[in-house]
Amino acid sequence: ATTTKGSSLAASDVLEVIDVPAKTMVWAAGFEVVTPSDGDFNVDIGITGTDVDAFVDGFDCDSNSTGDMTNLPAAYQPQVVASDDTIDMLILAGSSAAPSTGVVRMWAVMQDVSNDLGPDEVDRDQLA
């Protein structure tokens with residue numbers, strides 16, 4: 001992330017992590033800690049154009065451990081993306097020390113919900 005940004009990470013930085021094509025439903029997203037980070041910071045994960053903390057709301061990265069995984073917020077609902085967007089990680093503004101080390105593995109469960117298939121491309125109406 002620091003290489004892409006060109007400088008150290010800081011509070012309020014938004015890291016674009018996963019591209020989401022138009023007409024996609026994002027069922028869930030989150031991350032797993034691969035290498036624990038330094039710093040005392042919290043993060044949100046969401047979609048910039050719809051809900052910035054849809055998938056992770058204020059995950060505390062202070063004292064995280066290898067294998068820690070995020071959970072979906074209690075008020076969670078899947079997100080439908082109308083136009084191309086990204087799933088982003090936001091380092092929250094109230095963080096006292098942004099990370100300079102650490103590795104996370106981001107994940108997302110997405111489904112194409114476009115209606116671009118015609119009747120000749122689907123066999124649902126065929127009778128046996």
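Predicted model: local features only at pLDDT ≥ 70, side-chain atom pairs only at ≥ 80, totals over all residues.
I will start with the overall make-up. The protein has 1 helix and 7 strands. Reading from the N terminus, the order of elements is α-β-β-β-β-β-β-β. The chain has 128 residues, and 30% of them count as buried. The accessible surface is about 7,700 Å², with 50% of that belonging to carbon and sulfur atoms. On contact order: take the contacts with a separation of 6 or more, and 77% of them join residues 24 or more positions apart.

Next, the core. How many residues does the largest nonpolar core have? It has 22. The residues with the most contacts inside this core are Val26, Phe31, Val43, Ile45, Phe55, Ile87 and Met89. As for where the core comes from, the elements that give two or more residues to it are β1, at 14-20, β2, β3, at 42-47, β4, and β6, at 85-91.

Leave aside the neighbours within four places in sequence, and Val43 is in contact with Phe31, Val56, Asp57, Gly58, Phe59, Cys61, Met89, Leu90, Ile91 and Leu92. Two of those names, Phe31 and Phe59, come back in a moment as a ring pair.

So, the aromatic pairs. The count for the model is 2. Take Phe31 and Phe59. The ring centres are 5.2 Å apart and the planes stand at 80°; over 60 degrees counts as edge-to-face, so that is the class of this pair. Phe31 sits in strand β2 and Phe59 in strand β4, residues 51-60, so the pair links parts of the chain 28 residues apart.

Now the charged side chains. Side chains of opposite charge can pair when their charged atoms come close. In this model the count is 1 salt bridge. Which residues form it? Arg105 pairs with Glu32, and the closest N and O atoms are 3.0 Å apart. Arg105 belongs to strand β7, residues 103-112, and Glu32 to strand β2, residues 24-35, so the bridge ties together parts 73 residues apart in sequence. Both partners are partly exposed, with relative accessible areas of 39% for Arg105 and 22% for Glu32.

The last item is a loop residue. Ala98 is in the loop between β6 and β7, and is partly exposed, with a relative accessible area of 25%. Ala98 and Ala10 are 88 residues apart in sequence, but the C-alpha to C-alpha distance is 5.2 Å. Not counting residues up to four places away in sequence, Ala98 touches Leu9, Ala10, Ala11, Gly39 and Phe41.

That is the end of the talk.

Conventions: Residues numbered from 1 in each chain as written. Heavy atoms only, no water. Salt bridge = Lys/Arg side-chain N within 4 Å of Asp/Glu carboxyl O. Helix = DSSP H or I, 4+ residues; strand = E, 2+ residues; numbered from the N terminus. Buried < 20%, exposed > 50% of the residue type's maximum accessible area, 1.4 Å probe, protein only. Phe/Tyr/Trp six-rings, centres within 6.5 Å; stacked < 30°, edge-to-face > 60°. Core = buried A, V, L, I, M, F, W, Y, C linked by side-chain atoms within 4.5 Å. Contact = heavy atoms within 4.5 Å. Areas by Shrake-Rupley, 256 points an atom, 1.4 Å probe, with all protein chains shown as cover.
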